[in-house]
Amino acid sequence: MIERSDEIGLAPPAAGGIDPDALAAIQRITSGNFRLVARLLSQVGQILALNGMDLITRAAVEAARESLAIGTV
């Protein structure tokens, strides 16, 4: 059993968190599909790292969605 989110690559940023609008966007884009959530959050993590961000924002989630070509707006 997985006890830590970082074991599956879904650890939140250390100093940041997640904006409520970003959380709503993730739900809307993925409809709760775990595989899509994992892919999307992996891409969000890369976007945050490239931009030196700590907080997961709706803009980061939307950028990740566009780069993965999953879902429509």
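**Helix packing**

Tutor: Asp21, Ala22, Ala25, Ile26, Arg28 and Ile29 in α1 meet Arg58, Val61, Glu62 and Arg65 in α3, where contact means heavy atoms within 4.5 Å. By class, that contact of α1 with α3 has 5 nonpolar, no polar and 5 charged residues. Ala, Val, Leu, Ile, Met, Phe, Trp, Tyr, Cys and Pro count as nonpolar, Asp, Glu, Lys and Arg as charged, and the others, Gly among them, as polar.

Student: What kind of model is it, and how are residues numbered?

Tutor: This is a predicted model, in which local features need pLDDT of at least 70 and side-chain atom pairs count only at pLDDT 80 or more, while totals for chains, interfaces and linings use all residues. Residues are numbered from 1 along each chain as its sequence is written, and side-chain values use heavy atoms, with hydrogens and water left out.

Student: At what angle do α1 and α3 pack?

Tutor: About 25 degrees, with the axes of α1 and α3 8 Å apart. That makes α1 roughly parallel to α3 (angles under 35 degrees count as roughly parallel, over 145 as roughly antiparallel, 65 to 115 as roughly perpendicular and the rest as oblique). Axes are lines fitted to C-alpha atoms, for helices over the stretch in contact, and angles run from 0 to 180 degrees between N-to-C directions. Helices are DSSP runs (H or I, at least four residues), numbered from the N terminus.

Student: And α1 with α2, what's the angle there?

Tutor: Helix α1 (residues 20–30) packs on helix α2 (residues 34–51) at about 130 degrees, their axes 9 Å apart. That makes α1 oblique to α2.

Student: Which residues meet there?

Tutor: From α1, Ile26, Ile29 and Thr30; from α2, Leu36, Val37, Leu40 and Leu41. The classes in this contact of α1 with α2 are 6 nonpolar, 1 polar and no charged residues.

Student: Which residues of α1 are buried?

Tutor: Ala22, Ala25, Ile26, Ile29 and Thr30, with buried meaning under 20% relative accessible area (1.4 Å probe, protein chains only). Seen down the axis of α1, these buried residues fall within an arc of 110 degrees, so they line one face of the helix. The arc is that of the directions from the helix axis to the C-beta atoms.

Student: What covers them?

Tutor: The cover of the buried residues of α1 includes α2 and α3 (58–68).

Student: Switching to Leu48, where is that?

Tutor: Leu48 is in helix α2, and at 6% relative accessibility Leu48 counts as buried. The C-alpha atoms of Leu48 and Ala60 are separated by 7.2 Å.

Key
Helix = DSSP H or I, 4+ residues; strand = E, 2+ residues; numbered from the N terminus. Buried < 20%, exposed > 50% of the residue type's maximum accessible area, 1.4 Å probe, protein only.
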